[in-house]
Amino acid sequence: MRPYELSLTAAAAAIRAGELSPVELVDSVLERVERLEPHLNAYATVTAEQARHAARKAADDIAAGRSRGPLHGIPMGLKDLIDVAGVATTASSRVRADHRAQADSTVAARLGAAGAVLVGKTHTHEFAYGLTTPQTRNAWDPGRVAGGSSGGSAVAVAAGAATFALGTDTGGSIRVPAALNGVVGLKPTYGLVPRHGVTSLSWSLDHVGPLTRTVEDQALVLTALAGHDPRDPASLDAPAGDYRPGADEDLTGLRVGVPRNYYFEHVDPEVEAAVRRAADRLQALGARLVEVEIPMTRYIQATQWGLMVPEATAYHERTLRAVPELYQVDVRTLLEAGELMPAGDYLRAQRSRTLMRQEWARVLADVDVIAAPTVPATAAKADQETITWPDGTVETVSDAYVRFSAPANLTGVPSLSVPVGHDTAGLPIGMQLLGRPLGENVLLRVGHAYERSQPSRALAPAV
Amino acid sequence: MSAAELTPPEAARWAARAGLPLPPERHAVAAATANHIHSVVAILRELDFGDTPPAPAYRAREERHDAAV
């Protein structure tokens, strides 16, 4: 196995055992980046020189007995909304063409302190305001969308062009591309991972989280990221934890909610079948499947839009007036239309979210996790704008991709997307596990148990 | 078109009132997009919120901004 093919957990173990040097690993990933970038365009910026330098330093430190833990010497990609001192945070936008970050974001600083090596900044749908990341290609089929908005991060991890990456998630932007590219994506509990130094799409819905090849890898990254930072007003004062799941596959006593409504409506039959098979697998591991009713489903999209649209417009107030022509037309249109939303609509969405959080807490009092599809369909063709369901309903690709993800953004509950197979076209399918606030340990335990019971997954073919 | 929908000139006027002068070629697309968004969020008017407060990102206690990583 070549170094770029290793999971984070496997690479960290090989480095610890002295079987692999961070220099070999980073060189291997950089060669992969160089070979794949003309086809995938996952990166907005590649920091090859700094990465090689950091890898040599990591190798020296580890050899001298100064290991900083499992992320030391591991190559990563950061979504290009995340500030790294001295590097542009372009948000994949011409608006930010001359940008240069003055300081590290909290997450970049924490990963840097843990010894992770930045390979580059990954592409996002412009300012995270979209679900496809049109400039980047799907790692499994270049004619398909990468998903978004953290498309570059998901594609880089899927293809071996980063050992792990970070994304952001406002309505599904970590989980959607994770599902569409066959990698693991976590949207943590709202406030668990600080957002200081991360470009916002919508303050009250934004989250930062990891994209990895395995669930075990997620735990290693989350352990480095989680923890209070008062510079993010939503940051929780939760005690720092170690999220690494145990080796135990036994899920006896665990209650897994399977939605009887919403999550299996307007879903591709192959996606539904794969997710139901995965839920059955959890049952075979000892879990009890319990039917649950998802509350207030009629109001999910309305609440999501009622919050996101005016918050995004507020963030872009100055640049929308100064340089509107520099935005892509889809983003500019949404930002302009956001100026026309009355405050009453925004407040109704805020109050609806209060009700939704209360209702979800009731559902999650009866089950430990909820298992559902991450997205209702696999990766759409690059030029496809809508999905037509068998009952004649037509839905835009973006609306379809947000539909199942948004509840976790609105309620703040953690959601982990795990690959659960492929459709007949060979495209990956994702299942999301939703848990109680700060229930990341449970999600990672369930996801890890599922993963261990499955044959290991190969990297995406990528080209 | 319902009475609640904005015409392109109305969208331009609302945008100007919000401090965003829209060039003429943007009036129609801004109106259409705003009307679509309105049709989605207007559903929230069905809900009886009673005393339900909003749920913004908010902390009552100011904290010192000197966090360590």
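Two strands are taken to pair if DSSP finds at least two bridges between them. In the predicted model described here, strand β4 (residues 164-169) and strand β6 (residues 207-212) of chain A pair in the antiparallel sense, with five bridges between them. Within this pairing, Leu211(A) of β6(A) is the bridge partner of Ala165(A).

Both strands belong to an open sheet of eleven strands in chain A, ordered β1-β3-β2-β4-β6-β5-β12-β13-β9-β7-β8, in which the pairing is mixed. The edges are formed by β1 (43-46) and β8 (288-292) of chain A; each has a single partner strand, so one side of each lacks a neighbour in the sheet. From one strand to the next, the twist averages 30°.

Helices of chain A pack on this sheet. Helix α2 (residues 22-40) of chain A touches β1, β2 (75-79) and β3 (117-122) of chain A, and its direction makes about 20° with that of β3(A). Helix α5 (residues 151-159) of chain A lies across β1, β2, β3, β4, β5 (184-187) and β6 of chain A and runs at about 155° to β4(A).

Chain A as a whole contains 15 helices and 13 strands. Its radius of gyration is 20 Å, close to the 23 Å given by the globule rule for 463 residues, so chain A is as compact as a globular protein of that length. Along the principal axes, the C-alpha atoms of chain A fill a box of roughly 60 × 60 × 45 Å. Of the 463 residues in chain A, 62% are buried. Among contacts in chain A with a separation of 6 or more, 77% join residues 24 or more positions apart.

In the UniProt record, an unreviewed entry, the feature "domain: Amidase" is placed at residues 24-444 of chain A. Over residues 24-444, chain A is 38% helix and 16% strand, and the end C-alpha atoms are 30 Å apart.

Chain A also meets chain B, with 39 residues of chain A in contact with 33 residues of chain B. On the side of chain A that touches chain B, at least two residues each are supplied by α4 (106-113), α9 (300-315), α10 (317-322), α11 (329-338) and α12 (343-366) of chain A. The largest share, eleven residues, comes from α12(A). By class, the side of chain A that touches chain B consists of 18 nonpolar, nine polar and twelve charged residues.

Conventions
Residues are numbered from 1 along each chain as its sequence is written. Chains are lettered from A and ligands numbered from 1 in the order in which they are written. This is a predicted model: local features need pLDDT of at least 70, side-chain atom pairs count only at pLDDT 80 or more; totals for chains, interfaces and linings use all residues. Two residues are in contact if their C-beta atoms, placed from the backbone, lie within 7 Å. Helices (H or I, at least four residues) and strands (E, at least two) are DSSP runs, numbered from the N terminus. Ala, Val, Leu, Ile, Met, Phe, Trp, Tyr, Cys and Pro count as nonpolar, Asp, Glu, Lys and Arg as charged, and the others, Gly among them, as polar. UniProt positions are given in the numbering used here, feature names are shortened, and annotations may be inferred rather than shown by experiment. Axes are lines fitted to C-alpha atoms, for helices over the stretch in contact, and angles run from 0 to 180 degrees between N-to-C directions. The radius of gyration is taken over C-alpha atoms; the globule rule is 2.2 Å times the number of residues to the power 0.38. A residue is buried if 20 or more other C-beta atoms lie within 10 Å of its own, exposed if 12 or fewer, and partly exposed in between; C-beta atoms are placed from the backbone.
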